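Here's a quick briefing to read with the model open beside you. Take it one topic at a time and find each residue as you go.

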Amino acid sequence: MSSPRVAARQADARRRILEAARVVVAEHGFAAAQVAVVASVADVATGSIYRHFPSKASLFSEMLRAVCVRELEVVQAVADEAGRTAGQRIGDAVATFVDRALRGGSLAYAVIAEPMDPDVDQVRLDARAGLARAFAGLIQEGVASGEFPEQDARIRGAAIVGAFLEGVVAPLAERTVGPADRRAISGEIARFCQSAVTGGKV
């Protein structure tokens with residue numbers, strides 16, 4: 001059994017490795033990201049990475065999972081806000097996600113749009129499913145209250161996620177999105193997603 005001091009060192013090394021992986025993906029994308037480069041950025045030996053992660057795929061899967069979990073938490077926090085309509089929360093959740101993605105720049109582009117190893121891509125698919133469930137819950141709430149017309153919440157929740165993820169790809173690819181553009185893009189995508197569930201009235 002390792003001592004608390006050893007366990008703390010191991011936890012710190014793991015944190016630094018994951019942060020380095022995030023930096024490397026942001027700079028080079030998933031396809032070009034190499035374990036040796038991650039080790040250099042994290043200031044650890046390449047071999048030590050494999051003591052924490054059995055494979056390159058497991059390293060980048062864990063990094064991606066942490067990024068996706070954080071974004072889902074942000075969306076869910078907006079979805080759970082009290083005292084506002086389901087439609088308002090859908091619009092705000094979409095706008096918040098899009099704005100954060102546009103701020104994320106090259107890392108967001110890699111996470112949303114780049115081809116990945118199948119094992120890593122499964123994390124992205126799981127994250128999309130989590131987002132879809134969050135929006136489906138809001139749609140169900142809106143239908144139950146009479147705010148929205150009858151509709152299939154599961155399908156439209158997934159469609160909303162597909163719409164806003166696709167909507168940010170081209171702006172992210174341009175790499176130069178200023179604050180005014182972020183507001184315009186996030187607002188436009190949010191209104192589109194709201195209209196998809198409200199019957200066109202936003």
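The protein has 9 helices and 0 strands, where helices (H or I, at least four residues) and strands (E, at least two) are DSSP runs, numbered from the N terminus. This is a predicted model, where local features need pLDDT of at least 70 and side-chain atom pairs count only at pLDDT 80 or more, while totals for chains, interfaces and linings use all residues. Residues are numbered from 1 along each chain as its sequence is written, and side-chain values use heavy atoms, with hydrogens and water left out.

**The whole protein**

- Walk along the sequence and you'll read the pattern α-α-α-α-α-α-α-α-α.
- The C-alpha trace spans about 60 × 40 × 30 Å along its principal axes.
- Of the 202 residues, 43% count as buried (under 20% relative accessible area; exposed is over 50% and partly exposed is in between, with a 1.4 Å probe and protein chains only).
- Take the contacts (heavy atoms within 4.5 Å) between residues at least 6 apart in sequence: 68% of them join residues at least 24 apart.

**Two helices side by side: α5 and α7**

- The axes of α5 (residues 86-104) and α7 come within 9 Å and cross at roughly 160°; these axes are lines fitted to C-alpha atoms, for helices over the stretch in contact, and angles run from 0 to 180 degrees between N-to-C directions.
- That's why α5 and α7 are called roughly antiparallel to each other (angles over 145 degrees; under 35 is roughly parallel, 65 to 115 roughly perpendicular, and the rest oblique).
- The α5 and α7 crossing is left-handed, so the near helix is turned anticlockwise from the far one by less than a right angle (clockwise would be right-handed).
- On the α5 side, look for Ala86, Arg89, Ile90, Ala93, Val94 and Phe97, which meet Leu131, Phe135, Leu138, Ile139, Glu141 and Gly142 in α7.
- The residues of this α5 and α7 contact divide into 9 nonpolar, 1 polar and 2 charged (nonpolar: Ala, Val, Leu, Ile, Met, Phe, Trp, Tyr, Cys and Pro; charged: Asp, Glu, Lys and Arg; polar: the others, Gly among them).

**Glutamine 151, tucked into a loop**

- Find glutamine 151 in the loop between α7 (118-145) and α8 (153-174).
- Glutamine 151 counts as buried because its relative accessible area is 14%.
- The glutamine 151 side chain reaches the backbone oxygen of proline 149 at 3.0 Å.
- A polar atom of that glutamine 151 side chain also lies 2.9 Å from the backbone oxygen of valine 197.
- Leave out residues up to four places away in sequence, and glutamine 151 touches Ile139, Val143, Arg156, Ala196 and Val197.

**Glutamate 114, in another loop**

- Glutamate 114 is in the loop between α6 (106-113) and α7.
- With 16% relative accessibility, glutamate 114 counts as buried.
- Setting aside neighbours within four places in sequence, glutamate 114 is in contact with Gly29, Phe30, Ala31, Tyr109 and Arg124.

- Arginine 51 is in helix α3 (residues 46-52), and arginine 51 is exposed, with a relative accessible area of 68%.
- The C-alpha atoms of arginine 51 and leucine 125 are separated by 27 Å, and the two residues are 74 residues apart along the chain.
- Alanine 129 lies in helix α7 and counts as partly exposed at 30% relative accessibility.
- Between the C-alpha atoms of alanine 129 and valine 169, 40 residues apart along the chain, there are 19 Å.

Conventions: Polar contact = N/O pair within 3.5 Å; in protein donor to acceptor, adjacent residues only side chain to side chain.
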